[in-house]
Amino acid sequence: MTTRCQKFAATVGVAAVALAGCASGSNSESSDKIDVGVLVITMFDPENQVWLDREQLPTTVEVPGAYKPVRCNADKLCVAETGQGKANAATSMMAILGSDKFDFSHAYFLTAGIAGTPPDQGTLGSAAWARYVVDFDLGNHLEPAEAPDVPFGYRPVEAYNTAVYKLDDALVDKAFELSQGVQLADTPQVAAARAQYPGQAGRTPGIMKCDTMTGDDFYSGKPLSDTARYIMDLRTEGQGVYCTTQMEDNATATALQAHGYLNRYLSLRTMSNFDQPYPGQTVVQHLDDSSTGGFRLACENAYTLGKVVAAHLLKNPPEN
């Protein structure tokens, strides 16, 4: 999914702000760890910038090994940008979680990012809370024509300990409950973009509980979408419903599990594009088309919904 930054992201310079308790412009650090209530995890500049624009996050913490500094405020809200793809996400998360600058003992972790969606599941601007996080890449991917007895040319082989994560049911259900009544944005331009797909005319953004597929490969086309659906079904033993595709969440979940925090993790993905072209459009045109309309709307809706849930979590810290 590397094309999303190339298409949309403008480099955003964020000036470092002095740590709480230090003089403005100072580079010195507080001797105390920052008590984190919610760490919002974004992956690239537009996802991150909407939080920086809407929230007061005056404390900037440089973390060696992390992609970008972490920004925090006195309400115990912190926002991180990990970089795109599994390698960046894993490296950044391990650096942040292992840093002696933070206390995560009473923290929740919330990915708030954009994703693709199959058009028979979601629509542009919609949001999905994941129950399962599944890796698209791990296993054997075979040329289907040369392996006709292997469905979709895919063999799962083994789980590698990172191929599938089931997130905490009670936490996901609570996030979904809190989402009810939240009004997601929509625009005429996005409505026109989705209407190019059969069955999409007249749909509006909604909020779902379904499941997310992580892959470093930004795929396009119904056969690959169907492969993702098949992998989801295999890895979750028929329990998962593929509805979003993104590049980082298995890596994020792996880092959180390594530190004992996976039961406090929520994955929120808002739908910026479909995972296949509309009738008459080629897959290359689909990948190169920057006018799908859903990108900025998805970033906006990720913040709107993520803010509601983060605010609740900040007032209700985990018991353990």
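Begin by selecting D120 and R229 in this predicted model, where the side chain of D120 makes a polar contact with the side chain of R229 at 3.2 Å. If you then trace the chain around D120, you will find this residue in the loop between β7 (108–117) and β8 (127–135).

From C243, move on to its partner, C210, with which C243 forms a disulfide whose sulfur atoms are 1.9 Å apart. Looking along the S-S bond of C210 and C243, you will find a torsion of about 80°, so this disulfide is right-handed. Colour the strands at this point: C210 lies in strand β12 and C243 in strand β13 (residues 242–246), so the pair ties together parts that are 33 residues apart in sequence. Both cysteines, C210 and C243, are buried.

Stay in strand β12, which covers residues 207–214, and select T212, which is placed there as well. Is T212 buried or exposed? The relative accessible area of T212 is 1%, and T212 is therefore buried, since the cut-off for buried is under 20%. Show side chains here, and you will see that the side chain of T212 makes a polar contact with the side chain of Q246 at 3.1 Å. To see what else surrounds T212, leave aside its neighbours within four places in sequence and display its other contacts, among them A130, Y132, V133 and V134, together with M232, T244, T245, D249, S267 and R269.

How many disulfides does a search of the whole structure find? The search finds two, and when the bonded cysteines of the chain are numbered in sequence order, their pairing reads 1-2, 3-4.

For a last stop, select C299, which has a relative accessibility of 8% and therefore counts as buried.

Methods
Residues numbered from 1 in each chain as written. Predicted model: local features only at pLDDT ≥ 70, side-chain atom pairs only at ≥ 80, totals over all residues. Heavy atoms only, no water. Helix = DSSP H or I, 4+ residues; strand = E, 2+ residues; numbered from the N terminus. Buried < 20%, exposed > 50% of the residue type's maximum accessible area, 1.4 Å probe, protein only. Polar contact = N/O pair within 3.5 Å; in protein donor to acceptor, adjacent residues only side chain to side chain. Contact = heavy atoms within 4.5 Å. Disulfide = S-S within 2.5 Å.
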